Amino acid sequence: MSSNIAQNYPYSSESDAERLGAVARATEADATLAARIAAESIPVGNEPRWWVWKCPNPGCTGLLHAAGFARNAHAVYAVCDGCAKTLLR
Ligand SMILES: [Zn+2]
């Protein structure tokens, strides 16, 4: 199994409150991140549980949290709480 595929499997899940807290911490740590999320995604709906993914960035031990839905793709717009990288999942 390639590591690329493995990285797309959810690592865990979290409640909507946990998701909001993680995204808030990530945007507080990176001043440009909130603007990027607003420009590139639309707010997510009211889901009780959300997937969490491991960040594929080498050397980063952070987790990816859903910050919205991508404007231009049918994908979850996820943000890393470690390196503030954004990825589609
Ligand atoms: Zn990361």
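Reply: Residues are numbered from 1 along each chain as its sequence is written. The model is predicted, and local features need pLDDT of at least 70, side-chain atom pairs count only at pLDDT 80 or more, while totals for chains, interfaces and linings use all residues.

Me: How many helices and strands are in the protein chain, and how do you know what counts as one?
Reply: Helices (H or I, at least four residues) and strands (E, at least two) are DSSP runs, numbered from the N terminus. The protein chain holds 3 helices and 6 strands, and from the N terminus on these elements run α-β-α-α-β-β-β-β-β.

Me: Why does the radius of gyration of the protein chain agree with that of a compact globule?
Reply: The radius is taken over C-alpha atoms, and the globule rule is 2.2 Å times the number of residues to the power 0.38. For 89 residues a compact globule would come near 12 Å, and because the protein chain has 12 Å, the two agree.

Me: Why is Asn8 called exposed?
Reply: A residue is buried if 20 or more other C-beta atoms (placed from the backbone) lie within 10 Å of its own, exposed if 12 or fewer, and partly exposed in between. Asn8 has 11 C-beta neighbours inside 10 Å, so Asn8 counts as exposed; its place is in the loop between α1 (3-6) and β1 (12-15).

Me: What makes β5 largely enclosed by the rest of the structure?
Reply: Because 5 of the 5 residues of β5 are buried, the strand is largely enclosed. Val76, Ala78 and Cys80 point one way, Tyr77 and Val79 point the other way, and all are buried.

Me: How do you know that β5 pairs with β4 and with β6?
Reply: Two strands pair if DSSP finds at least two bridges between them. β4 and β5 have 5 bridges in the antiparallel sense, and 3 bridges join β5 to β6 (residues 86-88), again antiparallel. Tyr77 is the bridge partner of Gly68, and Leu88 in β6 is the bridge partner of Tyr77.

Me: What makes a set of residues a nonpolar core, and which members of the largest one touch the most others?
Reply: A nonpolar core is a set of buried Ala, Val, Leu, Ile, Met, Phe, Trp, Tyr and Cys residues joined through C-beta atoms within 7 Å. The largest has 15 residues, of which Leu64, Ala67, Ala78 and Val79 touch the most other members. Its largest share, 5 residues, comes from β5.
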